[in-house]
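Me: I am new to this structure. Can you walk me through how to read its cavities, pockets and helix contacts?

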Amino acid sequence: MTQERDHAGQADKLDWTGRRLEVEVGPVAHGGHCVARYEGRVVFVRHALPGEVVFAEVTEDPGRGFCRADAVEVKSAAPGRVRPPCPLAAPELGTARCGGCDWQHADETTQRELKGAVVTEQLQRIAGLNHPVTVQALPGGPLRWRGRVRLAVGRDGRVGFRAHRSHRVVPVQDCPITVEGTLDAVVDRRWTATSEVEVTRDADEQVHVTAHRRDRDRRGGRAPRSKPVPHRIAGADTAHETAAGRAWRVAPHGFWQVHRHAGDVFSAVVNRMAAAPEGGVAWDLYGGVGLFAAGLAEQVGSAGSVLLVESSRRAVKDAQANLADLPQVEFRAQTVESALSTPGARPDVVVLDPPRKGAGREVVEAIGVHRPQRIVHVACDPAALARDVALFAEQGYRLADLEAFDAFPMTHHVECIALLERDE
């Protein structure tokens, strides 16, 4: 027994950091890496593809049954491998590079196949569903799609992106996934080292820049526990976007899809899945500035009603302006949890677009009490979606349809829209 404890203690003290391993790469995993094994341990390898043989340098070792590594040399390449379009995306020996993208070394088809495999695996492992998923492309290709971006500021005052799982800032002059010209206003100036910089290029091609700086104490140092204070540098208080045949006013850095074509595509899919009856009742939870509520309002018509719930008061204010021509929409500036405690009329359909962590048990059970016929769940994290799908199953809902979209090319993120129906 003593020998077993000693052996376990030694295993806990393993540290392979900096060690170079030759591994055969296994399946993709959620988070932008693939799984390999070496001497009985799991190695999560970035910059690799399933089926490859690579030399991987260990970047992080917590001393347990796994470690993290970067593929720094490819001995046997997979068919989907390509040269990354951004020089900061590929790792160098002993040097962390930009952590913003995960799959620049994979062609478009391979990226979507990897993301589909991740969503499929999460649904099977967490929700117990055998539901193969195919990820669809959005218009525009894998580059120059991002109109909203948040940058860090390094000690030298230059903007950039953080290295993977690191606070180190990798300075940039451009980013090939951002809309051309988006970063021009910020890359050639020096910023306060305690700040972050948000940049939005809206549908009118107006650039909005806000610096988030931490307060200073009387001695000039950073105030303890201070929150970043926004300072508008360029642009206006309102950005303009277009989607679903309507013009939208939104906070420059508030919630709006970062992919320029996502609004049109997602609203169309949500409308089709929701199929709210004329004269019916629909809920739009986590409703933002009203993108999905607009389609629901048109479906239920003037005799129906739509309840939009959003915790951001600025977003609700914008939603009221955006949907001023749709009096059947009721707006509530409160959390979804509190709104569902006094929800009003029973819904025929519920649309929810929760934050990355998902809706969670409290919200799912509160929706289930009111027994809508259909629920449309919009999710940007497949694990959170799978957890919510499992919770809705407990309430008597089955997964009837799911469409997945590559709304974040080059990264590991994927957007899913799921239809849940009451299982009679």
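Predicted model: local features only at pLDDT ≥ 70, side-chain atom pairs only at ≥ 80, totals over all residues.

Me: How much space lies in the largest cavity?
Reply: About 100 Å³.

Me: What classes of residue make up the lining of the largest cavity?
Reply: Six are nonpolar, four are polar and one is charged.

Me: How many cavities of 30 Å³ or more does a search of the whole structure find?
Reply: Five. The second largest cavity holds about 80 Å³ of space.

Me: Which residues line the second largest cavity?
Reply: E108, Q111 and R112 do, along with A137, L138, G141 and P142. H259, D406 and P409 are also in the lining. Helix α2, residues 108–127, gives the most to it, with three residues. By class, this lining has four nonpolar, three polar and three charged residues.

Me: Which residues lie nearest the centre of the second largest pocket?
Reply: V153, R162, H167, V169 and A193. They belong to a lining of 20 residues. The elements that give two or more residues to that lining are β8 (148–153), β10 (169–171), β11 (195–201) and β12 (207–214). Strand β8 gives the most, with three residues.

Me: How do the residues of this pocket lining divide by class?
Reply: Six are nonpolar, five are polar and nine are charged.

Me: On to helices. At what angle do α3 and α4 cross?
Reply: Look at the axes, their angle and their distance. Helix α3 covers residues 262–274, and helix α4 covers residues 291–300. Their axes cross at roughly 40° and come within 9 Å.

Me: Why are α3 and α4 called oblique to each other?
Reply: Angles under 35 degrees count as roughly parallel, and 65 to 115 as roughly perpendicular. The α3 and α4 axes cross at roughly 40°, and the two helices are therefore oblique to each other. In handedness, α3 passes α4 in a right-handed crossing.

Me: Which residues of α3 and α4 meet?
Reply: From α3, they are G263, F266, S267, V270, N271 and A274. From α4, they are L291, F292, G295, L296 and Q299. The contact divides into six nonpolar, five polar and no charged residues.

Me: How do α7 and α8 pack?
Reply: Helix α7 spans residues 360–369, and helix α8 spans residues 382–394. The angle is about 40°, with the axes 9 Å apart. That makes α7 oblique to α8. The crossing of α7 past α8 is right-handed. In α7, the contact is made by G360, R361, V364 and I367. In α8, it is made by D388, L391, F392 and E394. By class, there are four nonpolar, one polar and three charged residues.

Me: At what angle do α2 and α8 pack?
Reply: About 35°, with their axes 9 Å apart. Helix α2 passes α8 in a right-handed crossing. V118, V119, Q122, L123, I126 and A127 make the contact on α2. P382, A383, A386, R387, V389 and A390 make it on α8. This contact has ten nonpolar, one polar and one charged residues.

Key
Residues numbered from 1 in each chain as written. Heavy atoms only, no water. Axes fitted to C-alpha atoms, helices over the stretch in contact; angles between N-to-C directions. Helix = DSSP H or I, 4+ residues; strand = E, 2+ residues; numbered from the N terminus. Parallel < 35°, antiparallel > 145°, perpendicular 65-115°, else oblique. Left-handed = near helix turned anticlockwise from the far one by under 90°. Contact = heavy atoms within 4.5 Å. Nonpolar A, V, L, I, M, F, W, Y, C, P; charged D, E, K, R; others polar. 1 Å grid on protein atoms, 1.4 Å probe; cavity = no way out; pocket = protein on both sides within 12 Å on 5 of 7 lines; lining within 4 Å. Points joined across faces, edges and corners; volume = space filled by probe spheres on them.
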